[in-house]
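Trainee: Hi, could you walk me through this one? I'm new to it.
Mentor: Happy to! Let's bring it up and look together.

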Amino acid sequence: MQTIDKSKPVMVTGATGYVAGWLVKKLLDEGLTVHAMVRDPNNRQKLAHLDAIAASAPGSIKYFAADLLREGAYDEGMQGCELVFHTASPFTSKISDAQRDLVDPALKGTRNVLASVQRTPTVKRVVLTSSCAAIIGDAIDCEAYPNGMGTEAQWNTTSTVEHQAYSYSKTVAEQEAWKLVAGQQRWDLVVINPSLVLGPGLSADASSESFNLFRQLGNGKMKSGVPDFSIGMVDVRDLAIAHYNAGFTPAANGRNIISAENSDFLTLGKILRQHYGAAYPFPQKNLPKFMVWLVAPLVGFKRKMISRNVGHKWQVDNSKGKRELGISYRPMEQTVVEFFQQMIDSGQVKARG
Ligand code: NAP
């Protein structure tokens with residue numbers, strides 16, 4: 001149980017990120033002072049969307065330079081904070097070395113941020129952005145879970161650096177956080193476990209893998225069909241509320257799955273087609289699994305990943321987040337259409353000629 005004094009500054013790591021953007025906006029709208037940790041505070045272009053929000057919101061923002069792998073980088077920005085939102089972690093498929101590019105920043109970065117927390121006596125609560133990937137590695141894992149669903153009680157035990165490295169990075173980082181919070185009483189840890197995050201970004205120019213995945217639904221890459229990938233999804237704006245409530249609800253605790261619906265790629269394509277008609281090459285059918293399995297290596301996917309995910313039901317139970325964090329989810333149609341519209345407006349997808 002922690003009560004956070006809203007007159008004290010609040011830290012957000014990875015403040016330039018897609019997910020963090022809406023959280024920073026919520027904090028500024030609520031009149032808080034945000035200590036925004038960014039890699040380069042001099043890159044004004046990258047901060048323009050945050051500056052614009054701060055200019056018209058009651059709260060204020062102050063930038064601090066920090067890299068996850070630079071020891072002590074979070075000390076200065078954490079001074080006086082009672083609440084730390086740790087969202088920074090790479091979510092990208094553009095990697096050449098999974099250990100160096102994903103696991104090290106996630107794991108050592110969490111260790112680094114929490115070492116600053118241990119040194120900063122004002123901190124009372126840390127809200128960590130983990131992932132449903134720390135619960136389910138591959139969709140097939142759900143088959144061994146009670147009722148075929150991931151819950152806050154399960155851990156991903158199937159991912160490794162070689163197989164599903166991003167999921168592995170999120171699992172070991174979250175496990176490290178639980179290890180570090182134990183054995184002391186001053187600060188508590190509340191973990192947010194989102195599924196795939198969708199919805200318009202505050203900046204259309206985002207590097208999050210959410211953008212890459214979603215863009216492919218309308219840029220022709222999936223025009224002949226999609227693999228039968230089942231996924232959960234949540235709107236980025238609802239996720240910001242979940243983070244905010246996790247920070248300021250005294251009784252918030254433990255892990256919290258934040259996922260609006262269990263769905264799949266084909267359903268996303270159908271929603272978009274209902275809205276935009278045939279103007280864009282949305283997928284209209286699932287590809288046969290054997291075909292996906294055969295061509296996987298040619299398009300950069302491992303066959304093991306296809307075998308363990310395509311055609312298997314990925315499901316989570318989102319009841320704890322609704323009950324304890326008071327989350328209600330907007331309809332998926334709104335999320336999907338508004339996200340795609342942002343891609344049209346920003347020229348990331350083009351209508352058929
Ligand atoms: P994003 O837009 O790429 O944000 C990642 C943030 O982490 C960026 O601010 C990035 O800074 C920062 N970062 C990465 N490496 C860093 C380093 N070495 N030092 C300092 N900062 C670093 O991705 P996102 O989708 O918003 O992800 C935010 C969080 O949500 C992550 O923890 C991710 O695992 C989690 N999550 C995302 C999803 C999803 O579907 N998007 C789902 C579940 C969980 P730069 O801007 O400088 O690169």
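Mentor: Let's start with Gly148, which counts as buried because its relative accessibility is 19%, under the 20% cut-off. Bear in mind that this is a predicted model.

Trainee: Okay! Where does Gly148 lie?
Mentor: Gly148 is in the loop that runs between β5 (125-129) and α5.

Trainee: And which residues does Gly148 touch, leaving out those up to four places away in sequence?
Mentor: Gly148 touches Cys142 and Gln315. Gln315 is 167 residues away from Gly148 along the chain, yet 7.0 Å separates their C-alpha atoms.

Trainee: Switching to the ligand: how many residues surround the ligand?
Mentor: There are 27 of them, and the closest are Thr16, Arg39, Lys46, Tyr166 and Ser208. By type, the shell has eleven nonpolar, twelve polar and four charged residues.

Trainee: What does Lys46 do there, in terms of distance to an oxygen atom of the ligand?
Mentor: A polar atom in the Lys46 side chain sits 2.7 Å from a ligand oxygen atom. For Arg39, a side-chain N or O atom is 2.7 Å from an oxygen atom of the ligand. Gly14 uses its backbone instead: an N or O atom there lies 3.0 Å from a ligand oxygen.

Trainee: How much of the ligand does the protein bury?
Mentor: The protein buries 93% of the 890 Å² that the ligand exposes when taken alone.

Trainee: Which elements give two or more residues to that shell?
Mentor: Those are α1 (18-29), α5 (165-181) and β7 (196-198).

Conventions. Residues numbered from 1 in each chain as written. Predicted model: local features only at pLDDT ≥ 70, side-chain atom pairs only at ≥ 80, totals over all residues. Heavy atoms only, no water. Near = heavy atom within 4 Å. Polar contact = N/O pair within 3.5 Å; in protein donor to acceptor, adjacent residues only side chain to side chain. Areas by Shrake-Rupley, 256 points an atom, 1.4 Å probe, with all protein chains shown as cover. Helix = DSSP H or I, 4+ residues; strand = E, 2+ residues; numbered from the N terminus. Nonpolar A, V, L, I, M, F, W, Y, C, P; charged D, E, K, R; others polar. Buried < 20%, exposed > 50% of the residue type's maximum accessible area, 1.4 Å probe, protein only. Contact = heavy atoms within 4.5 Å.
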